[in-house]
Amino acid sequence: MSTETANRPTEDQVEILEYNFNKVNKHPDPTTLCLIAAEAGLSEEETQKWFKQRLAQWRQSEGLPSECRSVTD
């Protein structure tokens, strides 16, 4: 398996991740993260990493600092 495939979710997996990010929760708790990972067929670590990167992208698109935890920071 190439590194690119190992680090990149498939289109179907991204669809599941994006749905949960946009409709369910941008900050999933450990239980929700576990369920999303199982649904997408990814490890919890991969799912958590995806959410972290996606949140940074979202914050940037909203004109917010990518690392701050809340709007009041």
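Modeller: Let me begin with Asn-20, which counts as buried at 8% relative accessibility, where buried means under 20% relative accessible area, exposed over 50% and partly exposed in between, with a 1.4 Å probe and protein chains only. This is a predicted model, in which local features need pLDDT of at least 70 and side-chain atom pairs count only at pLDDT 80 or more, while totals for chains, interfaces and linings use all residues. Residues are numbered from 1 along each chain as its sequence is written, and side-chain values use heavy atoms, with hydrogens and water left out.

Colleague: Where does Asn-20 lie, and what does its side chain reach?

Modeller: Asn-20 lies in helix H2, helices here being DSSP runs of H or I with at least four residues and strands runs of E with at least two, numbered from the N terminus. The side chain of Asn-20 reaches the backbone oxygen of Ile-16 at 2.8 Å. That is a polar contact, meaning a pair of N or O atoms within 3.5 Å; within protein, one must be able to donate a hydrogen and the other to accept it, and residues adjacent in sequence count only if both atoms are side-chain atoms.

Colleague: And which residues is Asn-20 in contact with, leaving aside neighbours within four places in sequence?

Modeller: Those are Asn-25, Ile-36, Glu-39 and Phe-51, with contact meaning heavy atoms within 4.5 Å.

Colleague: Which residues of H2 are buried?

Modeller: In H2, the buried residues are Gln-13, Leu-17, Asn-20 and Phe-21. They lie on the same side of H2 because they cover an arc of only 100° around the axis, the arc being that of the directions from the helix axis to the C-beta atoms. The face turned away from that buried side carries the exposed residues Glu-11, Asp-12, Glu-15 and Lys-23.

Colleague: What do the buried residues of H2 pack against?

Modeller: They pack against helix H3, residues 30–40, and helix H4, residues 44–61. The buried residues of H3, in turn, pack against H2 and H4.

Colleague: Which residues of H3 are buried, then?

Modeller: Leu-33, Ile-36, Ala-37 and Ala-40 are the buried residues of H3. They, too, cover an arc of only 100° around the axis, which puts them on the same side of H3, whereas Thr-31, Leu-35, Ala-38 and Glu-39 are exposed on the other side.

Colleague: What about the ends of H3?

Modeller: Asp-29 caps the N-terminal end of H3, with a side-chain oxygen 2.9 Å from the backbone nitrogen of Thr-31. Just after H3, Gly-41 takes a positive phi of about 75°.

Colleague: Changing topic, which residues make up the largest nonpolar core?

Modeller: That core has nine residues in all, namely Leu-17, Phe-21, Leu-33, Ile-36, Ala-40, Leu-42, Trp-50, Phe-51 and Leu-55, where a nonpolar core is a set of buried Ala, Val, Leu, Ile, Met, Phe, Trp, Tyr and Cys residues joined through side-chain atoms within 4.5 Å. H2, H3 and H4 each supply at least two residues of this core.

Colleague: And the overall picture?

Modeller: The secondary structure of the protein comes to four helices and zero strands, and 23% of the 73 residues count as buried.
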